[in-house]
Amino acid sequence: MSSPLRIAVLASGRGSNLQALLAARDAGALPVEFVAVASDKPTAGALALAEAAGIPRLVLKPKDYASRRAFDLDLFARLRDIGADLVVLAGFMRILDGEALHPWVGRMINIHPSLLPKYRGLHTHRRALEAGDLEHGASVHYVTAELDGGPVIAQARIGIETGDDEQRLAGRLLAYEHRLLPAVVRLIAAGRLAFTAPDGVSLDGARLAVPLELRGDELVR
Ligand code: GRF
């Protein structure tokens, strides 16, 4: 891995998690270099943020490719050529092809708005509310071929409140996502985290039995 760590962020939407990473970098709390922001949506807010921050943008349109795999192979070839060490999926709303992503296993993370393994996929806030859960949260995990199924590195937990509807819960959780993702990237940049095949995570060389927990801005065992 390079020093500073070279990261590429993939986002399909507004990009508030990208913004949180940029803010952490600007505050001197995240020693990384942003080598690309890539998107499948030309109108993604994340691309405008990248432009404002002077980060190279990469827009690939799915309709220009014969298959999902062709899209993903091209995307990952470009990220390799750019020299990315780490790929961060921050609201990238595409299912990735297992073969295409394989070379990146251990070097690609995703932020997902649920306490995995609960609620893989979409509508996580609604599903947590409908289930009557008392708590909800967000997870950052290494990406494997299984959708939202790779080993979980760290989680942020919040209590579900009486006044929560889907939108309120999502908004409250988002503030925690914005601390969780930079905290995980910070550990990776420090060389302290590793993916251990087939489905583990180690911190400082010791395998984690359970995901790290966000407390304030820090991750604790
Ligand atoms: C976040 O809720 C993230 O957990 C999920 O997609 C959303 C992206 O939001 N994977 P933003 O584009 O970073 O604002």
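How far does a backbone N or O atom of Gly-15 lie from an oxygen atom of the ligand? The distance is 2.8 Å. This is a predicted model, where local features need pLDDT of at least 70, side-chain atom pairs count only at pLDDT 80 or more, and totals for chains, interfaces and linings use all residues. Residues are numbered from 1 along each chain as its sequence is written, and side-chain values use heavy atoms, with hydrogens and water left out.

Back to the ligand. Around it sit Arg-14, Gly-15, Ser-16, Asn-17, Gly-91, Ile-111, Pro-113 and Glu-177, each with a heavy atom within 4 Å of it. Asn-17 also brings a backbone N or O atom to 2.8 Å from a ligand oxygen, while Glu-177 uses a polar side-chain atom, 2.7 Å from an oxygen of the ligand. On its own the ligand has 370 Å² of accessible area, and the protein covers 87% of that (Shrake-Rupley method, 1.4 Å probe).

Phe-71, Asp-72, Leu-75, Phe-76 and Leu-79 are buried in α3 (under 20% relative accessible area, 1.4 Å probe, protein chains only). They share one side of α3 because they cover an arc of only 120 degrees around the axis, taken from the directions from the helix axis to the C-beta atoms. On the other side, Arg-80 and Asp-81 are exposed (over 50%). After α3 comes Gly-83, with a positive phi near 85 degrees.

How values were computed: Helices (H or I, at least four residues) and strands (E, at least two) are DSSP runs, numbered from the N terminus. A polar contact is a pair of N or O atoms within 3.5 Å; within protein, one must be able to donate a hydrogen and the other to accept it, and residues adjacent in sequence count only if both atoms are side-chain atoms.
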